[in-house]
Structures are given as C-alpha cells and as structure tokens.
Amino acid sequence: MAALAKHGKTRQIHHGMSETHKGPAIVWFREDLRLDDNPALAAALKCGGGIVALYILDEQSEGLRPLGGAARWWLHKSLEALSDALLERGARLILRRGKSTETLLDVVNRSGATQVHWNRRYSPGGIACDTATKQVLTDCGITAVSHPGNLLIEPWEMKTGSGGPYKVFTPFWKAVRERGWRTEPFAAPQFPACTAEGMESDSLDGWGLLPTAPEPDWAREFPDLWQPGEAGARERLKAFLSDGIGGYARLRDRPDRENTSRLSPHLRFGEISPQMIACAVSQARDSGDVSERDADKFLAEVGWREFSHHLLYHFPDLPKENLQAKFDGFPWRNDDEGLKAWQQGMTGYPIVDAGMRELWRHGTMHNRVRMIAASFLIKDLMIHWRAGEAWFWETLVDADHANNAASWQWVAGSGADAAPFFRIFNPVLQGEKHDPDGDYVRKFVPELGRLPAKYIHRPWDAPDDILSDAGVKPGQTYPERIVDHAYARNRALAVFKALNNGK
Ligand SMILES: Cc1cc2nc3c(=O)[nH]c(=O)nc-3n(C[C@H](O)[C@H](O)[C@H](O)COP(=O)(O)OP(=O)(O)OC[C@H]3O[C@@H](n4cnc5c(N)ncnc54)[C@H](O)[C@@H]3O)c2cc1C
C-alpha cells in the first residue's frame with residue numbers, strides 16, 4: 001500500500017496537476033467488451049475530458065482464475081473486434097499486461113486521468129481485485145466508479161422474504177420478473193475527437209492467447225462457427241430471433257437442431273448485455289413475432305444465468321466447495337483412465353462421446369448434452385464434479401465462473417435447487433429421445449455414421465451383419481463401453497444411500 005501511495009505522489013509530481021484538473025477518464029474493459037449499452041463507457045465519456053480505453057491482461061493478481069485455452073482464443077478475437085470498433089470512432093484500445101492495480105495506476109499516471117470507470121464482475125477473485133483497486137485509487141485521489149453492466153439485477157438487490165439469498169430458481173426468477181429491469185439501453189456513445197494519443201500499448205499478438213499446442217491447431221474450426229465481438233453478438237441475436245427462437249420451448253433440448261441462441265460466449269465476454277437481449281426478446285413477443293411460450297422459456301434461461309451469478313456472489317466457494325456439505329463425504333473415485341476417455345470422447349457411449357468431441361472441436365456443447373456428459377462423469381464414473389468443471393473451463397469458449405460451477409453442482413446434486421443425485425441420466429435413452437435420428441452423433445462420431453438410427457445410441461446391441469455393413473468394429477473402430485450403465489447406476493445409488501444414512 002505504501003508503495004502504491006507513493007505512486008499517487010509520483011502522479012502529482014509527474015503532471016503537476018491540481019485536484020480539479022479535468023483529465024481524461026479511463027474506461028477499464030474486462031467482461032464487457034462492447035461499446036453499446038455499456039454504462040462504464042457512457043459514464044467515462046460523459047466526463048468530457050476524453051477517454052482512455054484500457055484492457056489489462058491480469059494473470060498475476062491473487063484469486064483471478066486464468067482463462068482456459070478456448071476462452072483465450074475468444075478473448076483475442078474479441079479484443080481485436082473491440083479495438084477495431086474503437087478505432088472506427090477515433091479511439092485506441094490500450095492493452096497492458098500485469099497486476100490490475102499497479103497497471104491501472106501506471107496508466108493513470110501516464111495519462112493524467114482523474115477518473116476510472118468499470119462495469120462490475122462477480123467472481124470472488126474479481127470482486128477482491130476490484131475492491132482493493134478502488135481503495136488504492138481513492139487513496140490516490142482518483143475517482144473510481146463501478147457500474148452495473150453485466151446482469152439484469154445486481155445480486156445483492158434480490159433477497160427472500162426472510163432477508164437471505166434465494167436458493168431456488170422459480171421464486172428467484174418470479175421475483176426478478178416482478179421487480180423488472182432497466183429497459184432503456186445506454187445510448188451508443190459519441191466519442192471525442194481524439195483519445196489516448198501517444199499512449200503505449202502491448203501488441204495483442206505478443207500476448208500469445210491463440211493456441212499453439214497441442215498440434216494440430218485444435219481451434220481451427222472455431223472461426224467457421226463463431227464471430228467474437230459486439231457485431232457478431234448482435235448478428236447472432238438477430239439470426240436467432242428471426243430463425244431459431246420459434247419452437248425454442250419445444251426444441252431447445254434437441255442437439256441435432258439449431259434452436260438455441262449460441263449467445264453464451266458473447267454474454268460471457270459482455271459483447272452484448274442481458275438487457276439488450278431481454279428487450280429484443282420482449283419486443284418480439286409483444287409485437288407477436290415470437291410466441292409468449294418461446295419468449296418466456298428463453299428469458300428463463302437467461303434467468304438461470306442471473307441465478308448462477310446470484311449464487312456465486314452469495315456463495316463465493318461455489319466453484320470449489322459443495323454447496324450442500326453432506327457431499328463432502330462422497331467417496332469420489334480416482335480414475336485417470338476414465339477421466340481421459342471422457343475428455344477424449346472415447347467412453348463407448350455415443351451421445352457422451354459426441355458431446356465431448358463437439359466441445360473439443362467447437363469450444364461448445366449443447367446444453368442437454370452438457371447435462372448428459374456431466375452426469376456420466378459424476379454418476380457413472382463417480383469422478384469428482386471439480387474435474388469436469390476444470391475440463392469445461394479449459395475447453396469451453398463460454399467458460400464462465402458462475403454458470404459453469406453452478407451447473408456442475410446442479411448436475412451433481414450438491415448445488416442449490418439441484419437435480420437430485422438419484423436422478424441419473426441414462427445415456428442411451430437420453431440419446432434416443434433428444435437425438436432421435438442420430439444426426440448429432442453422426443456429425444461428431446463419424447465412425448458410427450453408417451449405423452441405422454435404431455442402433456446408433458447402442459451399437460453394442462447391433463447384430464454383427466449390421467455392424468459389419470456400417471464398418472464398425474467394436475473395440476477397434478469405436479471403443480467398447482468403459483463401464484456398464486446399469487451397474488454404474490446401482491453403484492452410485494448405493495453410495496448415495498450410504499451417504500444419506502451417514503455411513
Ligand atoms: C455441466 C454444465 C456446464 C455449463 N457450463 C457453462 C459455462 O461455463 N458457461 C455458460 O454460459 N453456460 C454453461 N452451462 C449452461 C448452458 O449449457 C449454456 O449456457 C448453454 O448451453 C449455452 O448455449 P446457448 O447460448 O445456445 O443457450 P440458450 O438456450 O440460447 O440460452 C440463452 C442464454 O441463457 C443462459 N443459459 C442457458 N442455460 C443456462 C444454464 N443452465 N445455466 C446458466 N445459464 C444458462 C446462457 O447465457 C445462454 O446463452 C453449463 C451447463 C452444464 C450442464
């Protein structure tokens with residue numbers, strides 16, 4: 001702290017400025033990589049002294065979880081897009097790497113900024129970093145203002161009748177809807193003629209966010225699938241509203257269809273605000289373009305995102321600790337081979353393998369299949385949900401502090417409003433129900449591609465001549481099942497029963 005206070009003095013000596021000098025305002029971008037509907041940016045621009053647009057790659061501050069590989073790819077592309085969008089408005093994005101507080105102070109010092117604005121983040125590490133940074137800036141006489149920019153409702157604004165945090169989704173979402181949220185977006189800001197002139201910036205390429213290993217480049221299909229950045233987010237929303245949301249309530253569980261929005265990475269990096277999405281969907285509903293049922297179901301999923309952030313804020317150990325302490329005694333298995341087979345999509349269960357391969361190739365996985373694959377890891381293999389959470393963190397482009405942890409605990413049964421542990425997904429029946437023609441499996445497990453739909457989710461039941469016609473050799477072209485589901489289900493249930501009986 002003493003060293004940082006010294007920084008403050010240096011700043012004054014450096015600029016020789018009085019407290020009332022109107023310097024530029026720094027807008028510190030983090031998980032809000034957009035210009036539209038961005039309260040921090042709007043506030044910084046309003047100050048009238050010009051802005052310094054800053055992104056800090058902070059892999060050093062304690063408690064900040066480094067991004068996984070897929071999210072690093074996204075971040076690189078999204079920063080490129082943000083930088084281009086700023087340049088179009090005559091502003092530069094300054095890139096700096098280092099500890100947030102020190103780096104910010106350095107930029108304050110060099111730019112003569114008198115204010116710093118940012119939109120809040122809600123992970124425990126993010127909150128700790130921001131709280132400390134705010135204190136240091138304030139001690140140095142800099143105005144530091146945090147804004148609500150990434151959620152419909154700030155987590156501390158929602159309390160149950162007894163004053164505690166909500167732990168059940170339905171009443172939470174009902175209360176949020178009754179309360180309502182901001183419906184007027186922050187207007188696209190007018191930029192001053194010139195900002196951050198002459199400031200030093202790192203080169204984005206120099207940050208090494210794009211994958212180099214393992215070979216071959218695992219992200220090679222990402223650009224065909226994703227357009228990171230604000231423009232891409234807007235296009236995705238538009239496309240979803242015109243051709244996707246119709247039938248969402250009925251078809252959102254079908255991984256073989258394109259009836260979900262694929263907005264999650266855009267939301268994760270704040271390239272679009274939940275308000276913008278909610279307003280567009282509500283408008284489409286009110287004008288009759290989208291049915292009430294589809295609109296409400298979709299908004300409720302955005303509500304699950306809110307709920308997950310609400311949980312993370314109130315239970316900051318969510319990514320590490322069981323929310324229900326009784327799971328602390330669960331006898332998880334150490335099974336490196338099983339974990340590897342799951343990660344590589346080689347479990348012998350086609351729907352699980354398709355999902356895990358989709359994840360690797362595309363950096364995403366359909367929500368229904370995420371649930372099936374997670375259930376398989378936790379309940380069939382009895383491997384700790386934390387191992388699954390960590391793999392998803394590494395491989396998802398939408399890897400999110402709140403959604404990932406809350407969803408893993410939801411599947412494990414250890415979370416808030418979670419699926420009960422005894423509800424164990426049957427990967428064959430789930431596959432047959434949600435991918436009835438096997439198209440999703442065929443896409444990601446091509447070695448089963450010529451099997452008829454009747455056997456594609458259970459190749460072990462196929463007669464020899466059908467296997468042979470389809471070119472499938474069990475154990476050679478496609479793995480045998482690594483565990484028998486019926487056996488695994490009974491094993492998990494027995495362990496859970498013992499846990500409940502306190503054995
Ligand atoms: C084990 C597991 C891990 C998950 N990890 C993540 C993660 O790291 N990041 C992430 O964004 N989502 C995660 N989810 C939630 C969900 O699978 C994805 O948000 C969804 O698949 C994204 O696709 P979409 O944008 O097409 O969703 P849509 O169906 O179009 O939903 C719209 C938006 O609502 C939000 N949403 C939807 N479902 C959920 C949910 N169950 N929980 C929280 N928010 C939701 C997302 O922001 C999504 O973009 C996880 C789910 C499971 C079962």
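The following conversation concerns a predicted model and covers its ligand shell, its sheet and a pair of helices.

Visitor: Which residues come nearest to the ligand?
Guide: T260, S261, S264, N404 and S407 come nearest, out of 27 residues around the ligand.

Visitor: And which elements give two or more residues to that shell?
Guide: These are α10 (264-268), α12 (292-314), α15 (367-380) and α17 (401-412).

Visitor: How does the shell divide by class?
Guide: The shell around the ligand has 11 nonpolar, 8 polar and 8 charged residues.

Visitor: Why does the ligand lie between domain 2 and domain 3?
Guide: Domain 2 (151-185 + 231-314) and domain 3 (325-500) both contribute residues to the shell, so the ligand lies between them.

Visitor: Turning to the sheet, what is the strand order?
Guide: The order is β3-β2-β1-β4-β5, an open sheet of 5 strands with parallel pairing. At the edges are β3 (93-97) and β5 (143-147), each of which pairs on one side only. From one strand to the next, the twist averages 25°.

Visitor: How many bridges join β4 and β5?
Guide: Strand β4 (residues 115-119) pairs with β5 over 5 bridges, in the parallel sense. H117 stands opposite V145 in β5.

Visitor: Which strands does α5 touch?
Guide: Helix α5 packs on the sheet against β4 and β5, and its direction makes about 150° with that of β5.

Visitor: At what angle do α4 and α5 pack?
Guide: Helix α4 (residues 100-111) and helix α5 (residues 124-139) pack at about 35°, their axes 9 Å apart. The crossing is right-handed.

Visitor: Which residues meet there?
Guide: S100, T101, L104 and L105 in α4 meet C129, A132, T133, V136 and L137 in α5. By class, this contact has 6 nonpolar, 3 polar and no charged residues.

Conventions: Residues numbered from 1 in each chain as written. Predicted model: local features only at pLDDT ≥ 70, side-chain atom pairs only at ≥ 80, totals over all residues. Near = placed C-beta within 6 Å. Helix = DSSP H or I, 4+ residues; strand = E, 2+ residues; numbered from the N terminus. Nonpolar A, V, L, I, M, F, W, Y, C, P; charged D, E, K, R; others polar. Domains from an automatic or database assignment. Axes fitted to C-alpha atoms, helices over the stretch in contact; angles between N-to-C directions. Left-handed = near helix turned anticlockwise from the far one by under 90°. Contact = placed C-beta atoms within 7 Å. Pairing = 2+ DSSP bridges.
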